[in-house]
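Biologist: Please show me the chain and its model, and then let us go through them together.

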Amino acid sequence: MRALFERIYRFIEANELLPVGSRVLVAYSGGIDSTLAVRSLVALSGVHRTKWSIELAHFNHGLDSDDDAAQAVAEERARAWGLRMHIGQGRMADEGRAHL
C-alpha cells in the first residue's frame with residue numbers, strides 16, 4: 001500500500017496539485033474509492049509533513065433507504081479519523097416524483 005501512496009504523492013507533487021498547507025475537501029461516499037483517497041491523503045500528509053487540512057464532504061441524496069446508513073458510516077469514520085465532516089442532505093426521490 002505504501003508504494004501506491006508514494007505514487008499518488010509523486011503525481012500530486014509533480015503536477016503541483018496540493019501545495020503545503022492546502023485545505024483539501026474530499027467528496028466522501030463511504031465507499032472503497034473515496035476511503036482510499038482519504039486514507040492516502042492522511043497518510044501522505046503525515047509522512048511528507050504537507051500540513052494539508054483534510055476535511056470530508058458527504059451528500060445524502062435521499063434516493064433510497066440505504067442513504068441514511070451510508071451517511072452514518074461516513075460520519076463515524078470521520079470521527080474515528082479525527083477529520084471534520086460536512087453533510088448535505090436532499091430528498092431527491094421526492095423531487096423526482098414531483099416532476100412526473
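This is a predicted model: local features need pLDDT of at least 70, side-chain atom pairs count only at pLDDT 80 or more; totals for chains, interfaces and linings use all residues.

Biologist: How far apart are the end C-alpha atoms of helix α2?

Modeller: Helices (H or I, at least four residues) and strands (E, at least two) are DSSP runs numbered from the N terminus, and α2 covers residues 32-48, which makes 17 residues. The expected span is 1.5 Å times one less than that number, so α2 should span 24 Å, and its end C-alpha atoms agree with this, being apart by 24 Å.

Biologist: Which rings form the aromatic pair?

Modeller: Rings of Phe, Tyr and Trp (its six-membered ring) pair if their centres lie within 6.5 Å, with planes under 30 degrees apart counted as stacked, over 60 as edge-to-face and the rest as tilted; by this rule there is 1 aromatic pair. Its centres are 5.8 Å apart and its planes at 70 degrees, so the pair is edge-to-face, and the rings belong to Tyr28 and Trp81.

Biologist: Where in the chain do Tyr28 and Trp81 lie?

Modeller: The pair links distant parts of the chain, 53 residues apart. Tyr28 lies in the loop between β1 and α2, and Trp81 in helix α3.

Biologist: Is Tyr28 buried or exposed?

Modeller: Buried means under 20% relative accessible area and exposed over 50%, with partly exposed in between (1.4 Å probe, protein chains only). Trp81, at 23%, is partly exposed, whereas Tyr28, at 2% relative accessibility, counts as buried.

Terms used: Residues are numbered from 1 along each chain as its sequence is written. Side-chain values use heavy atoms; hydrogens and water are left out.
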